[in-house]
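Q: Could you walk me through this one before I set anything up? I'd like to start with the aromatic residues and then move on to the strands.

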Amino acid sequence: QVQLVESGGGLVQAGGSLRLSCAASGRTFSTYAMGWFRQAPGKEREFVAQINWSGGSTYYEDSVKGRFTISRDNAKNTVYLQMNSLKPEDTAVYYCALSTRAGSGYEYWGQGTRVTVSS
């Protein structure tokens with residue numbers, strides 16, 4: 001089993017920045033990738049960013065490219081999401097997720113951390 005704990009959410013004005021963290025514990029040796037998703041009020045959960053654990057390749061949803069950066073600290077089993085130039089439409093609950101192998105989807109999810117961007 002893997003446990004994921006997010007932190008770093010909060011209230012920020014438009015144009016501001018936040019950094020989310022997600023610490024993984026448990027059977028993390030089998031991590032293939034970690035990602036961030038978000039769910040805005042009344043909307044479905046959507047992909048935000050992914051980082052592959054070994055090679056470090058990154059992928060982003062189009063609306064966050066150039067504003068968000070995903071990174072990892074392998075030694076700490078932690079993934080980060082640096083969010084800059086935040087917009088009100090970025091308001092959502094952000095979830096961290098972990099995948100153990102390519103093509104398997106994300107098997108483990110955190111509880112989420114709320115990000116609110118005021119205009």
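**Aromatic residues and strands**

A: Phe47 is partly exposed, since its relative accessible area is 28%, and please keep in mind that the model is a predicted one.

Q: And Phe37, buried or exposed?
A: Phe37 has a relative accessible area of 12%, which falls under the 20% limit, so Phe37 counts as buried.

Q: How many aromatic pairs does the structure hold?
A: There are four aromatic pairs in the structure. In one of them, the ring centres of Phe37 and Phe47 are 5.7 Å apart and the planes stand at 75°, so this pair is classed as edge-to-face. Because Phe37 belongs to strand β4 and Phe47 to strand β5, the pair ties together parts that are ten residues apart in sequence.

Q: Which residues do the ring pairs link into a cluster?
A: The cluster made by ring pairs consists of Phe37, Phe47, Tyr106 and Trp109.

Q: What sits over the ring of Trp109?
A: That is the charged end of Arg45, at 3.8 Å from the centre of the Trp109 ring.

Q: Where is Tyr106 found?
A: Tyr106 is in the loop between β9 and β10, the latter being residues 108-109, and with a relative accessible area of 18% Tyr106 is buried. The side chain of Tyr106 also makes a polar contact with the side chain of Gln50, at 2.7 Å.

Q: What else is Tyr106 in contact with?
A: If neighbours within four places in sequence are left aside, the contacts of Tyr106 include Ala33, Met34, Gly35 and Phe37, as well as Ala97, Leu98 and Ser99.

Q: Switching to strands, why is β4 described as largely enclosed?
A: Strand β4 covers residues 33-39, and six of its seven residues are buried, so β4 is largely enclosed by the rest of the structure.

Q: Which strands is β4 joined to, and by how many bridges?
A: Six bridges connect β4 with β5, residues 46-52, in an antiparallel arrangement, while seven bridges connect β4 with β9, residues 92-99, and that pair runs antiparallel as well. Met34 illustrates both pairings, with Ile51 as its bridge partner in β5 and Leu98 as its bridge partner in β9.

Q: What about the turn in the β4 and β5 hairpin?
A: Six residues lie between the two strands of that hairpin, and Gly42 in the turn has a positive phi of about 75°.

Q: What is the strand order in the open sheet?
A: The open sheet has four strands in the order β1-β3-β8-β7, paired antiparallel. Its edge strands are β1, residues 2-7, and β7, each of which pairs on one side only, and neighbouring strands of the sheet are turned against each other by 15° on average, with direction ignored.

Q: Last topic, where does Arg67 lie, and is the residue buried or exposed?
A: Arg67 lies in the loop between β6, residues 58-60, and β7, residues 68-73, and at 11% relative accessibility Arg67 counts as buried.

Q: What does the side chain of Arg67 reach?
A: The side chain of Arg67 reaches the backbone oxygen of Ser85 at 2.9 Å, and, leaving aside neighbours within four places in sequence, the residues in contact with Arg67 also include Gln82, Met83, Asn84 and Asp90.

How values were computed: Residues are numbered from 1 along each chain as its sequence is written. This is a predicted model: local features need pLDDT of at least 70, side-chain atom pairs count only at pLDDT 80 or more; totals for chains, interfaces and linings use all residues. Side-chain values use heavy atoms; hydrogens and water are left out. Buried means under 20% relative accessible area, exposed over 50%, partly exposed in between (1.4 Å probe, protein chains only). A polar contact is a pair of N or O atoms within 3.5 Å; within protein, one must be able to donate a hydrogen and the other to accept it, and residues adjacent in sequence count only if both atoms are side-chain atoms. Contact means heavy atoms within 4.5 Å. Two strands pair if DSSP finds at least two bridges between them. Axes are lines fitted to C-alpha atoms, for helices over the stretch in contact, and angles run from 0 to 180 degrees between N-to-C directions. Rings of Phe, Tyr and Trp (its six-membered ring) pair if their centres lie within 6.5 Å; planes under 30 degrees apart count as stacked, over 60 as edge-to-face and the rest as tilted. A charge sits over a ring if NZ of Lys or CZ of Arg is within 6 Å of the ring centre and within 35 degrees of the ring normal.
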